[in-house]
Amino acid sequence: MSSQINASSRDSASNLDSVRTPQNENNLATSVILFAVCFVLFLGAIYSLSFLSLGNPWPMAACLALFALAFWIPQTILGRSDSAGEH
C-alpha cells in the first residue's frame, strides 16, 4: 500500500517534511478555540430564538445570520470544505 501525496497538499517549501496531513494541520489549542468560537455562534443563534415574536422579526434575522456564520466560517475561511479529497 502506498499513499500518494498531491502537490496541493504541500506547503510553500517543496520538501517532503512540510507535507500537511490532517494530523498536523492545527495544534490542539487552535482547534479547541476554533470549535469554541463556532459553537458560541451556534448557541447564540439558538438563544436569539427565545426573543422571537410575530411582531419582531429581528431575532429570526439574528438567528439566521449567526447560524450561517457558525457554518460558513469553518467551511470557507478556515478551508475545511476543500480538504476532503487531498488526504
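The answer below describes the helix pair and its contacts.

A: This is a predicted model, in which local features need pLDDT of at least 70, side-chain atom pairs count only at pLDDT 80 or more, and totals for chains, interfaces and linings use all residues. Residues are numbered from 1 along each chain as its sequence is written, and side-chain values use heavy atoms, with hydrogens and water left out.

Helix α1 spans residues 28-48 and helix α2 residues 58-77; they pack at an angle of about 160 degrees with their axes 8 Å apart. Helices here are DSSP runs (H or I, at least four residues) numbered from the N terminus, and axes are lines fitted to C-alpha atoms over the stretch in contact, with angles from 0 to 180 degrees between N-to-C directions. The angle therefore makes α1 roughly antiparallel to α2, a term for angles over 145 degrees.

From α1, C38, L41, F42, G44, A45 and S48 meet P59, A62, C63, L66, F67, L69, A70, F71, I73 and P74 of α2, contact being heavy atoms within 4.5 Å.

S48 lies in α1 and counts as buried because its relative accessibility is 9%, where buried means under 20% relative accessible area with a 1.4 Å probe, protein chains only. Leaving aside neighbours within four places in sequence, S48 contacts P59, A62 and C63. In α2, the buried residues are P59, C63 and A70, and these pack against α1.

Finally, α2 bends by about 30 degrees at F71, and the proline P74 follows within four residues; the bend is the angle between axes fitted to the seven residues ending there and the seven starting there.

Terms used. Helix = DSSP H or I, 4+ residues; strand = E, 2+ residues; numbered from the N terminus. Parallel < 35°, antiparallel > 145°, perpendicular 65-115°, else oblique. Buried < 20%, exposed > 50% of the residue type's maximum accessible area, 1.4 Å probe, protein only.
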